[in-house]
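Here is a short note to read beside the model. Please keep the sequence and the structure open as you go through the points.

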Amino acid sequence: MGDQQRFDLVVIGAGPGGYVAAIRAAQLGMRVACIERATLGGTCLNVGCIPSKALLDSSERYHQLSHGLDRHGIRVGKIELDLGVMMGRKREVVKALTGGVGLLFRKNKVEHVQGCATIPAAGQVRVTGADGATRSLDAERILIATGSAPIELPGLKFDETHICSSTGALAFSEVPQRLVVVGGGYIGLELSSVWRRLGSEVLVLEFMDRILGPSDQKMAAALQKQLERQGIEFRFKTVAEKAEVVSGKVQVHCKTGEKSVVEQADRVLVAVGRRPVTDKLGLAEIGVEMTAKGFIKVDPLTYQTSVAGLFAIGDVIGGIMLAHKAEAEGVAVVERMAGEKSRVNYAACPSVVYTHPELAQVGLNEAEAAADHELKIGEFPFAANGRARAMGQTDGMVKVIADARTDRLLGVHILGPGASELIGEATVAMEFAASAGDLAGAFCAHPTLAEAIKEAALASGGAAIHK
Ligand code: FAD
């Protein structure tokens, strides 16, 4: 094997976990190759975060034109939807960003190897290209960042035309007249919003008795109300058992308690979670330990698997399955390889549901916090915030949860305009182990939406001014 095929680190998968790890490792002086079987950028850039947000932004503009502007004294004429152009813009956004990863690889001298990787033995990676040609790489260390894929339900096999995963639902060629969405998690809700805004009737079927299981219950219930006002219908404690395509339509057989119903739809989106992608790697053969659900087991600090020299990060190890968590692990794992003491502070990892209004959160929800702490909670509605009033976007509120004894911040939850950006302030506060008093005492420019966070923090101490 030639010297040029020896690497300090071989990364498998170029999603946000893998490509970020590869770049950081190269910055730290390692000789790095990153293997990707599809397009650079992984789920996030190609069929996840970015295309969904591109469509959420486009569809929100369309919806605003037909629903939100008359209150501002703006009357528009006939509005037409050109779905082809909207999808084309989405593809351009994706292309620009995935191309950007390639540029960053070249700039940082990360060797991009195209093909599907297997690990025949610790320290070795075999790559099979699209043409069947194979190449072997020797690696001091191997980092698995192969991500996740949508879970398929046995009775609802994906055909990606009528019965779709999120990938299919990001690329419908026409607006379905009726869309049934199985799963009330963030992916189901974001895509329900896109298609509802563009004109679909949307029914969400959810197994539990509420949407967004891990979110703060009160905030999730408030978001559900908003989505219902937008015309999205929810049916809880409902199991989708089977779907059949009959004459171009889908019949979804579902059960609520003892009651069985067949729902008719043009398209079905199944968004019931994601499973780790490990199938082609050959991990069982080399003795890598996995969890019962098929995630790769790792040491929580070093991310080393049960096999020396083999590491894993991102969705494939489970936990919070979000892009910024994968990125943070990608940085931490390679910095630790380089001898630094980096670690990921999962307690300050935010998450966002990009509906309208957005729901963003960092830290514990009320039920989680109440399990170990006596709480003080402050809430502040956007209806009492000057900027939200000026914008005409007064739905939602901020909820600050702190420890009653120490005042330490335990969680911040924001349902409202710009929540995805506002949560950054709360995230920094959590990262610095701030108290509710710190948040309440910091200046906010006036008039801004951020004043609602300050007021909620003040309210936790009974000192809100505008409430
Ligand atoms: P991935 O991004 O899944 O990348 C893994 C890569 O490994 C893939 O490119 C795959 O082709 C490659 N690979 C797999 N096996 C092999 C092999 N054997 N050889 C070579 N290459 C291989 N997260 C957020 O934080 N914010 C959001 O708004 C958000 N929105 C989302 C919307 C949707 C519709 C979806 C589906 C997901 C969304 N996510 C979001 C989740 C986010 O996309 C993932 O958490 C993130 O992509 C995980 O990164 P990763 O690097 O672990 O894996």
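1. Strands here are DSSP runs (E, at least two residues), helices are H or I runs of at least four, and both are numbered from the N terminus. β5 and β6 (residues 134-144) pair in the antiparallel sense, over 5 bridges. Pairing requires at least two DSSP bridges between two strands. The β5-β6 hairpin has 5 residues between its strands, and Gly132 there takes a positive phi near 90 degrees.

2. A word on the basis. The model is predicted: local features need pLDDT of at least 70, side-chain atom pairs count only at pLDDT 80 or more, and totals for chains, interfaces and linings use all residues. Residues are numbered from 1 along each chain as its sequence is written, and side-chain values use heavy atoms, with hydrogens and water left out.

3. Now the other neighbour of β5. β4 (residues 116-121) runs antiparallel to β5, joined by 4 bridges. Ala121 has Gln124 of β5 as its bridge partner. This hairpin has 2 residues between its strands, and Gly123 in the turn shows a positive phi of about 85 degrees.

4. Look at the two faces of β5 (residues 124-128). Val125 and Val127 make up the covered face; Gln124, Arg126 and Thr128 make up the uncovered one. In a regular strand, side chains alternate between the two faces of the sheet.

5. Next, the open sheet. Its 5 strands follow the order β8-β15-β9-β10-β11, with parallel pairing. β8 (163-164) and β11 (232-235) stand at the edges with a single partner strand each, so one side of each has no neighbour in the sheet. β8 is joined to β15 (residues 267-270) by 2 bridges. Cys164 stands opposite Leu269 in β15.

6. Check two peptide bonds. Most peptide bonds are trans. The one from His356 to Pro357 is cis, with omega near 0 degrees. Pro357 sits in the loop between β18 (351-353) and β19 (358-363). His446 and Pro447 are also joined by a cis bond, with omega about -5 degrees. Pro447 lies in the loop between α12 (436-441) and α13 (451-460).

7. Finally, two non-glycine residues with positive phi. Lys109 has a phi of about 60 degrees and lies in the loop between α4 (83-108) and β3 (111-114). Lys109 counts as exposed, at 70% relative accessibility. Ala433 has a phi of about 50 degrees and lies in the loop between α11 (419-431) and α12. At 42%, Ala433 counts as partly exposed. Exposed means over 50% relative accessible area, buried under 20%, partly exposed in between (1.4 Å probe, protein chains only).
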